[in-house]
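Please read them with the coordinates open.

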Amino acid sequence: MAQVSVLLIEALKRRGQRVPAGPVKCPGWLGDMARKEWKRVAPELVQCGLVCSLDAFMLAVYCNIVASVEECQAVIRRDGEQITHWDDDGTTRLMPHPAIAQAQEAAAQAVTFAAEFGLPARSDGRMILPSEMGVISDG
């Protein structure tokens, strides 16, 4: 669960208010690949009580980052892992495709965001479910 949501949930609990429940709506600004990731992860995260409507933006950012990784990988598959670079003196040399670095950076960001939602398998042992925190839900 995103850190902001955990803090907000704790604040709501202290005030005796209910945690917002219900489905998390996919934002209209997400592209096709990001929507695919949303449809893959959002229902399960909601079902497990790991996200609520307050997490929609952060979940959308995560999905956008995953889409960026996929788009970079598609470019690398299309163009290859190396590009030809022409130096000022007219010589050419092969260098890594810039999409490789972009994919690596996006993947690192995706791992960071995914950890906020308890997604990576390695975080299962560290994940604290809302039911273990005593979070109030509509269920």
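1. Overall make-up. This is a predicted model. The protein chain has 5 helices and 2 strands, and from the N terminus on the elements run α-α-α-β-β-α-α. Of the 139 residues in the chain, 33% are buried. Among contacts with a separation of 6 or more, 62% are between residues 24 or more positions apart.

2. Packing of H3 on H4.

3. Residues between H3 and H4. On the H3 side the contact includes Met-58, Val-61, Tyr-62, Ile-65, Val-66, Val-69, Cys-72 and Ile-76. On the H4 side the list includes Ala-99, Ile-100, Ala-103, Ala-106, Ala-107, Ala-110, Phe-113 and Ala-114. Ser-68 and Gln-73 of H3 also take part, as do Gln-102 and Gln-109 of H4. By residue class, the contact of H3 with H4 divides into 17 nonpolar, 4 polar and no charged residues.

4. Packing of H2 on H3. H2 and H3 also pack with their axes 8 Å apart, here at an angle of about 135 degrees. That angle makes H2 oblique to H3. The crossing of H2 and H3 is right-handed. H2 contributes Met-33, Ala-34, Glu-37, Trp-38, Arg-40, Val-41, Ala-42 and Leu-45 to the contact, while H3 contributes residues including Ala-56, Leu-59, Ala-60, Tyr-62, Cys-63, Glu-70 and Glu-71. The contact of H2 with H3 divides into 13 nonpolar, 1 polar and 4 charged residues. Tyr-62 and Val-66 are listed in the contact with H4 and also in the contact with H2.

5. The nonpolar core. Which residues have the most contacts inside the largest nonpolar core? They are Trp-38, Leu-45, Leu-59, Tyr-62 and Cys-63, in a core of 24 residues. Helices H2 (32-47), H3 and H4 are the elements that give two or more residues to this core. H3 gives the most, with 10 residues.

6. Leu-59. Beyond four places in sequence, Leu-59 touches Trp-38, Val-41, Ala-42, Leu-45 and Phe-117. Trp-38, Val-41, Ala-42 and Leu-45 are also on the H2 side of the contact with H3.

7. His-97. This residue lies in the loop between strand S2 (92-96) and H4. Is His-97 buried or exposed? With a relative accessible area of 10%, His-97 is buried, since the limit for that class is under 20%. Apart from neighbours within four places in sequence, His-97 is in contact with Val-75, Asp-79, Gly-80, Glu-81, Gln-82 and Ile-83.

8. Arg-93. Arg-93 is in strand S2 and is partly exposed, at a relative accessible area of 43%. Its contacts beyond four places in sequence are Ile-83, Thr-84, His-85 and Asp-87.

9. Arg-35. Arg-35 is found in helix H2 and counts as partly exposed at 25% relative accessibility. Leaving aside neighbours within four places in sequence, Arg-35 is in contact with Cys-26, Pro-27, Gly-28 and Leu-30. Ala-60 is 25 residues from Arg-35 along the chain, and their C-alpha atoms are separated by 8.5 Å.

10. Glu-71 lies in helix H3 and is partly exposed, with a relative accessible area of 41%. Glu-71 and Gln-102 are 31 residues apart in sequence and 9.9 Å apart in space, C-alpha to C-alpha. Val-111, in helix H4, counts as partly exposed at 39% relative accessibility. Val-111 and Val-66 are 45 residues apart in sequence, with a C-alpha to C-alpha distance of 9.3 Å.

Conventions: Residues numbered from 1 in each chain as written. Predicted model: local features only at pLDDT ≥ 70, side-chain atom pairs only at ≥ 80, totals over all residues. Heavy atoms only, no water. Contact = heavy atoms within 4.5 Å. Helix = DSSP H or I, 4+ residues; strand = E, 2+ residues; numbered from the N terminus. Nonpolar A, V, L, I, M, F, W, Y, C, P; charged D, E, K, R; others polar. Core = buried A, V, L, I, M, F, W, Y, C linked by side-chain atoms within 4.5 Å. Buried < 20%, exposed > 50% of the residue type's maximum accessible area, 1.4 Å probe, protein only. Axes fitted to C-alpha atoms, helices over the stretch in contact; angles between N-to-C directions. Parallel < 35°, antiparallel > 145°, perpendicular 65-115°, else oblique. Left-handed = near helix turned anticlockwise from the far one by under 90°.
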